[in-house]
Amino acid sequence: MKREMLLHELHPSLVHMPLALLPTAAVADLIVVRTKDRAWEKVGRRLWVAGAASAVFAGVAGLAASQEVRMNSPRARDMTVLHGAGNAIITLGALGLMAWRLARPPTALTTALGLGACAFAGYTASLGGKMVYEQGIGINPMPKDAPQGSLKQPLLLSKEAPAALVKDAGRGAAWLLGRARALL
């Protein structure tokens, strides 16, 4: 059975890019710090740009997806908040490291921060998997009368998708900030 991709399915298709590119960037920086190899410095700089950009795209898609999927239990909603807030912190860190690397070579400290952020990304990625496989987030369809989320989930390549992505990403960011504030 052939079915076109729905907008909320964009997030799981994009998350593999930052999960691969950011650790590779951190390892390239580790090689530079350990060997002073200038060729790896350039590789690392480019990987930080690609990794940070892909993290932004995956994050925007994730914020939108949070408004387009069913979250039946408080545990599912709490997992989503932790996943989203953790990834927001990782993305901001990646953007900071990218900015640093565009102007300077890596240091032992920036390399350690990058490797630590990658370890934390492994945790948030496993949390995302648990959200899908344990809680059914993104698998269970959104009911048509749901107050949260899009009543009609647009196809990814439809004319409605760009506006829905922006609208739902904004609603997702507001929801995430509100839940995080309430938890704190």
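**Close-ups of a predicted helical model**

**View 1. Helix H2 alongside helix H5.** The axes of H2 and H5 (residues 108-133) come within 9 Å of each other and cross at roughly 155 degrees. Here axes are lines fitted to C-alpha atoms, for helices over the stretch in contact, and angles run from 0 to 180 degrees between N-to-C directions. Helices are DSSP runs (H or I, at least four residues), numbered from the N terminus. That angle makes H2 roughly antiparallel to H5, a label for angles over 145 degrees. We're looking at a predicted model, so to speak: local features need pLDDT of at least 70, side-chain atom pairs count only at pLDDT 80 or more, and totals for chains, interfaces and linings use all residues. Residues are numbered from 1 along each chain as its sequence is written, and side-chain values use heavy atoms, leaving out hydrogens and water.

**View 2. Who touches whom between H2 and H5.** On the H2 side, look for residues including Leu19, Leu22, Pro23 and Ala26; they belong to a set that meets H5 residues, among them Ala108, Thr111, Gly114 and Cys118. Contact means heavy atoms within 4.5 Å. Sorted by class, this contact has twelve nonpolar, two polar and one charged residues. Ala, Val, Leu, Ile, Met, Phe, Trp, Tyr, Cys and Pro count as nonpolar, Asp, Glu, Lys and Arg as charged, and the others, Gly among them, as polar.

**View 3. H2 against H3.** H2 (residues 16-35) packs with H3 (residues 38-65) at an angle of about 155 degrees, and their axes are 8 Å apart. That makes H2 roughly antiparallel to H3. Contact residues include Met17, Leu21 and Ile31 of H2, plus Trp40, Gly44 and Ala58 of H3. The class tally for this contact is 17 nonpolar, four polar and two charged.

**View 4. The largest nonpolar core.** Twelve residues make up this core, among them Leu22, Ala26, Leu47, Trp48, Met98 and Cys118. A nonpolar core is a set of buried Ala, Val, Leu, Ile, Met, Phe, Trp, Tyr and Cys residues joined through side-chain atoms within 4.5 Å. Another core, of seven residues, lies apart from it and includes Val69 and Leu127.

**View 5. Thr35, a residue of H2.** Thr35 sits in helix H2 and is partly exposed, with a relative accessible area of 48%. Buried means under 20%, exposed over 50%, and partly exposed in between (1.4 Å probe, protein chains only). Thr35 and Ser54 are 19 residues apart in sequence and 28 Å apart in space, C-alpha to C-alpha.

Notes:
Helix = DSSP H or I, 4+ residues; strand = E, 2+ residues; numbered from the N terminus. Parallel < 35°, antiparallel > 145°, perpendicular 65-115°, else oblique.
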